Amino acid sequence: MSEQNEATTQVRRPKPLASGTEQAGQPLVELSHVDKHYDKLHVLKDINLTVNKGEVLVVVGPSGSGKSTMCRTINRLETIDSGVIRIDGKPLPQEGKELAELRAEVGMVFQSFNLFANKTILDNVTLAPIKVRHMDKKEAEDLAMDLLDRVGVASQANKMPSQLSGGQQQRVAIARALAMRPKVMLFDEPTSALDPEMVNEVLDVMVELAHEGMTMICITHEMGFARKAADRIVFMADGQILESGTPDEFFDHPKTDRAKDFLSKILTH
Amino acid sequence: MDNFLALFSEYDVLGAFLVNIELTLWSALFSLVLGVVLVMMRISPISSLRAVAGGYVELFKNMPLTIIMVFMVLGAYAQLKLTFSDTFATNFFWLAVTGLSLYTAAFVCEALRSGINTVPLGQAEAARALGLNFMQSAGLIILPQAFRGSVAPLGNTLIALLKNSTVAAAASVSTETSSLMSEMIEFHADAIIEIFLIFAIGYVILIIPIGVLTTYLSNKLAVRR
């Protein structure tokens, strides 16, 4: 807590948005043999994936390949049929208090922002630190203003979400997730609902986060971002992970025909 | 015109309307509380709570109010000895409020559920993803937005409640409007049209402002997305 107080008394000197990067290289998110069906549709087929601390993983693939579903299983917004998901060594708990505690450690940014429509921007960011972390109001507000400043929307703090542009709302959503000091951030197509000219302002924040050592799992169609920020790219199709490699490996030497086909369709323009 | 004045001076018409307004306000309060509890049960993650609330709503929504009111007096009071006061009038008043509240709560629950359906699923997902528990997500995010999205149906429920309060006659509340109207008709068969007009127009005067207010509020409070 003292760390945050200190931060707010300082002149606005960039402070890492990410926390807990000292143990880089250890497994943070592990999925093993994860399967999921929607009725007869097999949406996740034996998914095995390990994301290490400080790693930036970008998941790409065609629509309906199970990327979003996989992302949402990591904080159990979607349940799984079989397999194990571990965060920081602990298996995902069942619905209840423990799950709420775990979700507090996993930040999530949605395609449709999902800012609380009945709360101001500031309240959106302070709500969870106050209610879940029991931080006092002043401290939470200082933290929130610091984060809003970092993502460039501090001047909008007292507005309602609907008064902001999509890009601003998404940056607020990132600040809201960061206010919980999560161990890992999940980005579920964060720029897909944005006007083209607002995509970069959100990606810039994500690149900055990546450089600061935040562990990130990003589902995106922004190949420029993937190349620039990713440590590793995972390619999914039809509920399976077909390829996993560095950006250079994946973009320049895709191994599977499915990946070659996918890349040929998105990189030709 | 003389007829009207005579009727007004002979009977306490305004007092009777006041009884209905009191019945309505108390029942509105209790049914709102019960309706909120019911709707939270209906959206809760615990399936048995959902089933109980669902059963309650189906039961009371589909039962005639008159039967509930008669049951309050003949069943709850006479057989089960549910008593609120030693004074008959007060006792029947609260029995009527209980019956009206139990009945109206089912409609409040349905009105709020229609409001909850206006709240995008993403709002609840974002709340859960941040680590808020069910009560926090419901109380801080979902219900405040649901209320603002259900002002119009809640207003309609209030209007129905005010009119339904006349069924309190079936629960032996003898001072309310429909009881008074029967009494007046019994002694002034020559002025039936005037008597009807007094009560009909009385309710219209009471209810029009409620309608205007809910329309205004439902626009003013609508959640901007």
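Predicted model: local features only at pLDDT ≥ 70, side-chain atom pairs only at ≥ 80, totals over all residues.
Arg72(A) forms a salt bridge with Glu125(B), and their closest N and O atoms lie 2.5 Å apart. By the rule used here, one salt bridge is found across the interface of chain B and chain A. Polar contacts are counted separately: between the two chains there are seven residue pairs of this kind, with both residues at pLDDT 80 or more.

Two helices of chain B, H6 (121-129) and H7 (134-149), each supply at least two residues of the side that touches chain A. H6(B) gives the most to that side, with seven residues. Sorted by class, the side of chain B that touches chain A has nine nonpolar, five polar and five charged residues.

Counted in residues, the contact takes 19 from chain B and 24 from chain A. The other way is by area. The size of an interface is often given as the accessible area lost when the parts come together. Chain B and chain A bury about 1,800 Å² between them, and 62% of this is on carbon and sulfur atoms. Within chain B, the residues that lose the most area to chain A are Arg128(B), Ala129(B) and Leu130(B), which together make up 32% of what that side buries.

H4(A) runs over residues 121-131 and is mostly covered, with eight of its 11 residues buried. Among the buried ones are Ile121(A), Leu122(A), Val125(A) and Leu127(A), and also Asn124(A) and Thr126(A). What do the buried residues of H4(A) pack against? Their partners are helix H5 (137-150) and helix H6 (166-178) of chain A, together with H7 of chain B. Lys131(A) is also found in helix H4 of chain A. Leaving aside neighbours within four places in sequence, Lys131(A) is in contact with Leu132(B), Gln136(B) and Leu140(B).

Chain B, taken by itself, has 10 helices and zero strands. Its C-alpha trace spans about 70 × 45 × 25 Å along the principal axes. Of its 225 residues, 45% count as buried. Among the contacts in chain B with a separation of 6 or more, 77% are between residues 24 or more positions apart.

Next come the nonpolar cores. The largest has 81 residues, and the members that touch the most others are Val29(A), Leu31(A) and Ile217(A). The largest share of this core, 14 residues, comes from helix H5 (residues 88-116) of chain B. Apart from it lies another core, of 55 residues, which includes Ala157(A), Met198(A), Phe225(A) and Phe251(A). Not counting residues up to four places away in sequence, Val29(A) touches Leu49(A), Thr50(A), Val51(A), Ile74(A), Arg86(A), Ile87(A), Val184(A) and Ile217(A).

Thr220(A) sits in the loop between strand S8 (215-219) and helix H8 (223-229) of chain A. Is this residue, Thr220(A), buried or exposed? Thr220(A) is buried, because its relative accessible area is 2%, and the limit for buried is under 20%. Its side chain reaches the backbone nitrogen of Glu222(A) at 2.9 Å. Not counting residues up to four places away in sequence, Thr220(A) touches Val58(A), Val59(A), Val60(A), Thr191(A) and Phe225(A).

Two residues are left to consider for their backbone angles. Most residues other than glycine have a negative phi. Asp46(A) has a phi near 45°, a positive value in a residue other than glycine. Asp46(A) is found in strand S2 (residues 41-52) of chain A, and it is partly exposed, with a relative accessible area of 40%. Ser172(B) also has a positive phi, near 65°. Ser172(B) is found in the loop between helix H8 (151-164) and helix H9 (177-187) of chain B. Ser172(B) counts as partly exposed, at 35% relative accessibility.

Technical notes:
Residues numbered from 1 in each chain as written. Chains lettered and ligands numbered in written order. Heavy atoms only, no water. Core = buried A, V, L, I, M, F, W, Y, C linked by side-chain atoms within 4.5 Å. Buried < 20%, exposed > 50% of the residue type's maximum accessible area, 1.4 Å probe, protein only. Helix = DSSP H or I, 4+ residues; strand = E, 2+ residues; numbered from the N terminus. Contact = heavy atoms within 4.5 Å. Buried area = accessible area lost by both parts, 1.4 Å probe. Salt bridge = Lys/Arg side-chain N within 4 Å of Asp/Glu carboxyl O. Polar contact = N/O pair within 3.5 Å; in protein donor to acceptor, adjacent residues only side chain to side chain. Nonpolar A, V, L, I, M, F, W, Y, C, P; charged D, E, K, R; others polar.
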